[in-house]
Amino acid sequence: GGLLPIDRHSFVLAHVEPGRGFVEDSTSLTERRWEHRRNVEPRGERACVLTDRLSFTPRLALSGPLLEGVIGAVFRHRHRLLRERFGGRGT
């Protein structure tokens, strides 16, 4: 809810391709390594396909399944908000 800090992140944009995507290679208190690759594939003048690929190494191996579920839910929510704001359909 934004009131209590749950995690602390150190973000590093390893590569940015304007209008096409980025690669983020970061760490946090819960993840020893976090890689987020976002690809934006244009589809005509007013549409695109947005793909997020994530991989991470948890600091505590047993937390992996829980973090995977939370991260998946966060990104499904983000994509739903983007579709609502900009239109489109999910796959």
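Reader: Which residue in strand 4 does Asp25 stand opposite?

Author: Asp25 stands opposite Glu35 in strand 4. Please note that this is a predicted model, in which local features need pLDDT of at least 70, side-chain atom pairs count only at pLDDT 80 or more, and totals for chains, interfaces and linings use all residues. Residues are numbered from 1 along each chain as its sequence is written, and side-chain values use heavy atoms, with hydrogens and water left out.

Reader: How are helices and strands assigned, and how many of each does the protein chain have?

Author: Helices (H or I, at least four residues) and strands (E, at least two) are DSSP runs, numbered from the N terminus. Here the protein chain has 1 helix and 5 strands, in the order β-β-β-β-β-α from the N terminus on. Its C-alpha trace spans about 45 × 25 × 25 Å along the principal axes.

Reader: When do two strands pair, and over how many bridges do strand 1 and strand 3 do so?

Author: Two strands pair if DSSP finds at least two bridges between them. Strand 1 (residues 9-10) pairs with strand 3 (residues 21-28) in the antiparallel sense over 2 bridges, and His9 stands opposite Ser28 there. Strand 2 (residues 13-17) also runs antiparallel to strand 3, joined by 4 bridges, with Phe22 as the bridge partner of Val16.

Reader: What does strand 3 form with strand 4?

Author: Strand 3 and strand 4 (residues 31-42) form an antiparallel pair over 6 bridges, in which Ser26 stands opposite Trp34. Strand 4 in turn pairs with strand 5 (residues 48-58), antiparallel over 11 bridges; Asn39 and Thr51 stand opposite each other in that pair.

Reader: Which residues in the hairpin turns have a positive phi?

Author: Gly19 has a positive phi of about 80 degrees, in the turn of the hairpin that strand 2 and strand 3 form with 3 residues between them. Gly44 has a positive phi of about 85 degrees, in the hairpin of strand 4 and strand 5, where 5 residues lie between the strands. A further hairpin joins strand 3 to strand 4 through 2 residues.

Reader: What counts as a salt bridge, and how many does a search of the whole structure find?

Author: A salt bridge is a side-chain nitrogen of Lys or Arg within 4 Å of a carboxyl oxygen of Asp or Glu. The search finds 5. Glu35 takes part in a bridge with Arg33, the closest N and O atoms being 3.2 Å apart, and in another with Arg37, at 3.1 Å. Asp25, Arg33, Glu35 and Arg37 are linked in a network of such bridges. Glu41 and Arg43 also form a salt bridge, with 3.0 Å between the closest N and O atoms.

Reader: Is Glu35 buried or exposed?

Author: The classes rest on relative accessible area: buried means under 20%, exposed over 50%, and partly exposed in between (1.4 Å probe, protein chains only). Glu35 counts as buried at 16%. Buried residues make up 19% of the 91 residues in the protein chain.

Reader: Which residue lies over the face of Phe75?

Author: A charge sits over a ring if NZ of Lys or CZ of Arg is within 6 Å of the ring centre and within 35 degrees of the ring normal. Arg78 lies over the face of Phe75, at 4.5 Å from the ring centre.
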